[in-house]
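I opened the model to look up how its strands pair. My notes follow.

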Amino acid sequence: MTSLLGTVLLVGTLACALGATVVAATGRTRSALLLMLGGMGGVLAATLLLAGALLAPDFSVAHVADHGARWLTVRDRVTTLWAGPDGSLLLWVTLMAGVTAVATAQGLRATRASCPHPARAAAVLAGVTAFFAAVLLIVANPFAGVSPVPLDGPGPNPLLQGHPAMSLHPPLLYLGFASAAPPFALALVAPGGRRWLPQALPWVRASCVLLTAAIVLGAWWSWSVLGWGGYWAWDPVENLALLPWLTSVALLHEAAAGRRPAGVLSSALAVGGFILVLTAITLTRSGAVLSVHSFAESPQGLPLLALLVAALLTAAVVAARHRGGPPTPAVTGRRRALVLTAVVLATYAGTVLLGTVYPLALEAVTGHRAQVGAPYFDRVAVPTALVVLALLVVGPLLGSHTRDGLKPVARRVAPGLVIASLVVVALRVAGSEAPVLLLALGLVTAAAVSTAVAWYHSRRTGRSAGVALAHLGVLVLVAGVAVSAASSSQEEARLVEGESVSLSGVEVTHDGLETASDDATMTTMLRLDAPGGALQPHMTYHRARDFLVSEPVSRTSWRATYQVVLLSADGDSGEVALRLRRDPLLAWVWAGGALMTLGTALAAASRRGPRTPRRPARRTDVPEQVVA
Amino acid sequence: VSRRLVLLASTAVAAVLLVPAFNGAVTYYQEPSELVAAHLSGDQVRVGGLVVDGSLRRDHGDVEFELADAGASVRVLYDGEPTGSFREGQGAVVEGRYDGEVLVATRVMVQHSNEYRAPTTERP
């Protein structure tokens, strides 16, 4: 029954989305909006139905039979909605339908000048939604019937159970991805000189906020659940989430430079951003990338690849047919620094993309399967980070219009550089030697001073506070990443009960081994005496999936974090093997990520601040106000 | 047109500059029989296979075992303790360098036999 109802709802969604595409393509935006609202209602109802089936649980539905279980907690039952390829595609279609409906309504309200083709943009969005709805219905229907109906299910991948990040990371990431669609559609139907950017900007901001939060939460999950000691592995799936973030941040900076009409760079970033989203979805869902996210392997690969190719071809045709609108005005001072930031981030995104798709090209040519690892990405990321830091030192202190001489700029930057030098000398005296690390920390200090000074001299609106906060977050994060990467340490030891050992400078004592067992799991837990109280690293065996998960535990202060992983435990002799990893300033990574999210959210939610007095419109339409 | 040319040229130059960054960063996926047959000595490799029953030895914090597929087996040396459910007769994925005789592992990951598939069969 649930199976039939769900499938009918998905058919209805597909019909509405297809109808909306056709109707919008013939210029009737209002009717398209009504149809799209219908589609959104249908897929939302389907999502609620699947959530209800998981909560019940009703094993006559494929997704529940494959990923649900009776013994799951309520939170895990809900998050199981997106713990498999079919359910997560349903979530994606739901969010895409919602974004399409909102963007279509926005297009109806917009003025001719800012959105000259609301119907065409709506058609593009509805078309993309319809495509995903079709894939969902035809090759990935989570409501497919199951016969005979099983008594219980295996539950989701044990690694995806029981962690709070799993209830937030996937929906935030997908909403961030979906928010990249309207800028794509707007830029695609009005390339070059049209003023599509103001219409697209709220989406770009939303996308940036959501992706920041999602990526940081994903890194936190990776660090706290997988227990491999890191938070970022340059895994293809991580890179593919990072790419749209980079283009959205680049587009925000290009937009803040206030070049009107928006240039080729804006169009390329808006169109490229969503093409990268499609790339991410295609590569992860097709299993073309081999990674810990291997749950995403599915028959969705080929149709998604077709959509990606279609999007690329459309963008190429639009770009080729576009015969340059009015030239983008040259800018100076701070606005030039903003454009430069956008270019640097876009270029960096190119290098990450290259490293991520290189294995696919290699395999196509030579037949060898391979993966590009951290050395490549680190080699590119470090110099890029230094350039971005340098931009954060100088950029905020540049004047917005006049071509400043070198002297006044040097005078403004000098105090920050002096403080930075003092910090570097202090760190050097304290024993820090790596030149790149010292350079990075010096630049972080100087950029923090620049950020504070620029905020002090700004109008101090919500937006300028948000921008300052987000930049501060970047600096805190970079400091955390640089220091923890440069001076983390890890050691392993075997211990019997009562034995003590010092690992990476942390004294721990084996205080007994306990086992516990219930219907679904069998847990072996080590009581470990550690500074600041007992820790209980444990290993859990999941019967249904015959899968052993070692769940790390950690202790965090602002100076350092250490994490203990139980590697093996012998129940008879009580002997355990464990690994302790100590990361200085790891908490700064999370704090920096949180600040970036808060700052971007504050800047995105704030109005532009006090308007400059209206002046008669001039032919050269350069806005007086620079948002930075 | 000249601006496009400049853009194209600078992209090409940047791409050429990037090539050295790939040095030593590429990990090749292999199965034990491919590794033995291929000439990838010295390259970073990632090998998936089964841990041969009775081959596991522990010695002063090192582990040594044989990793096999249907065609061949490779001796693996690892300075450390593999995580979690690493067992004989189970699937494992090892990253490291192969010197023609021994695979010196930098990382040993467990993949359960139920879910293990050799990387080369994963083509969509």
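**Strand pairing in chain A**

I started with strand 4 of chain A and strand 5 (residues 521–529) of chain A: 7 bridges join them, and they run antiparallel. For pairing I took the DSSP rule of at least two bridges between two strands. Strands are DSSP runs of E with at least two residues, numbered from the N terminus.

The model is predicted, so local features need pLDDT of at least 70 and side-chain atom pairs pLDDT 80 or more, while totals for chains, interfaces and linings use all residues. Residues are numbered from 1 along each chain as its sequence is written, chains are lettered from A and ligands numbered from 1 in written order, and side-chain values use heavy atoms without hydrogens or water.

Within this pair I found Leu513(A) opposite Leu526(A) in strand 5. A hairpin through 3 residues joins strand 4 to strand 5.

Next I checked the other partner. Strand 3 (residues 500–503) is joined to strand 4 (residues 506–517) by 4 bridges, again antiparallel. Leu503(A) stands opposite Val506(A) in strand 4. This hairpin has 2 residues between the strands, and Ser504(A) takes a positive phi near 45° there.

Then I looked up an open sheet of 4 strands in chain A. Its order is 2-10-9-8, with antiparallel pairing. Strand 2 (489–495) and strand 8 (553–556) stand at the edges with a single partner strand each, so one side of each has no neighbour in the sheet. Neighbouring strands here are turned by 15° against each other on average, direction ignored; the axes are lines fitted to C-alpha atoms, with angles from 0 to 180 degrees between N-to-C directions.

Last, I followed strand 8 to strand 9 (residues 560–569): they pair antiparallel over 4 bridges. Thr556(A) stands opposite Thr561(A) in strand 9.
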